[in-house]
Amino acid sequence: MKITKVDLGHEIFANCYVLTDEASGESAIVDPAYFNADIKQTFFDAGAKNIKYILLTHGHFDHIFGVPGLKEASGAKVVIHEKDAGHLLDSSKSLADGNFPEKQIPVTADITVRDGDKLYLGDEEISVMNTPGHTMGSVCYILENDRVIISGDTLFCMTAGRTDFFDGDENMMIDSLKRLIALEGDYRVLPGHNRETTLERERTRNWYIRRMVK
Ligand SMILES: [Zn+2]
Ligand SMILES: [Zn+2]
């Protein structure tokens, strides 16, 4: 799978990734926090072809604001965990209220996923791990063939996502991180904010895991 991080041009926006299975030409855009004509071109420049899915790691505004525009422009199916699907329709749940100057355009999820579900770009498998804690419906998307975890706002380089929002839960975050670090072997970790890391590095050095999980 070709995996490219794209710059949406604003520091408030979460990391956005373009996934493309080059054999089939099927793509997914992960967390399109914003969308306009320039960003559309950026996705194609990053290798996007036939955009099949918009994969959301959770329902916060800084990950979803571009979803309505991208869905309309591409016809891609919006994928989110069932417990965060309501955030796409409610600007108080998405935390857009008071945090983002533009009005949230409600958009309906096309596919609601649960832990263990699998999605495909061509023959390439993407598995869904529900990692509640930051929100109840936070997920990691695991690309086993590429040994990549797209970790949203669950696992960050050296830390973890906040658990003090209305549907956050610190004990669930600790359990989710336990599940992640129990995966066998090493993975590239592509988080929702800041720089990429590896699972092995986070097992040993992440201050949140060292303090809270072990
Ligand atoms: Zn975020
Ligand atoms: Zn978040």
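Predicted model: local features only at pLDDT ≥ 70, side-chain atom pairs only at ≥ 80, totals over all residues.
Q: Which residues are the protein donors of zinc ion ligand 1?
A: D62 through OD, H63 through NE2, D153 through OD and H193 through NE2. They lie 2.1 to 2.4 Å from the ion.

Q: And what arrangement do those four donor atoms make?
A: Irregular, because they subtend angles of 85 to 157 degrees around ligand 1. Four donors count as tetrahedral if all angles lie between 85 and 135 degrees.

Q: How are the ligand 1 donors spaced along the chain?
A: The pattern is D-H-x89-D-x39-H. D62 sits in helix α2, residues 61–64, and H193 in the loop between β13 (188–191) and β14 (197–198), so this pair ties together parts 131 residues apart in sequence.

Q: Are D62 and H193 buried or exposed?
A: D62 is buried, and H193 is too.

Q: Now the other zinc. What are the protein donors of ligand 2?
A: H58 (NE2), H60 (ND1), H134 (NE2) and D153 (OD). Their distances from the ion run from 2.1 to 2.5 Å.

Q: What about the angles around ligand 2?
A: They span 89 to 172 degrees, which makes the arrangement of the four donor atoms irregular.

Q: What spacing do the ligand 2 donors follow?
A: H-x1-H-x73-H-x18-D along the chain. H60 is in the loop between β4 (50–55) and α2, while D153 is in the loop between β10 (148–152) and β11 (155–156), so the two tie together parts 93 residues apart in sequence.

Q: Buried or exposed, for H60 and D153?
A: H60 is buried, and so is D153.

Q: How far apart are the two zinc ions, and which residue coordinates both?
A: Ligand 1 and ligand 2 are 3.4 Å apart. D153 coordinates both.

Q: Changing topic: in what order do the six strands of the open sheet run?
A: β7-β8-β9-β10-β13-β14, with mixed pairing.

Q: Which strands stand at the edges?
A: β7, residues 118–121, and β14. Each has a single partner strand, so one side of each is left without a neighbour in the sheet.

Q: In what sense do β10 and β13 pair?
A: Parallel, over four bridges.

Q: Which residue of β13 does G152 stand opposite?
A: P191.

Definitions and conventions. Residues numbered from 1 in each chain as written. Chains lettered and ligands numbered in written order. Heavy atoms only, no water. Donors = N, O, S within 2.8 Å, 3.2 Å for Na, K, Ca; no water. Tetrahedral: all angles 85-135°; square planar, octahedral: opposite > 155°, others 65-115°. Buried < 20%, exposed > 50% of the residue type's maximum accessible area, 1.4 Å probe, protein only. Pairing = 2+ DSSP bridges.
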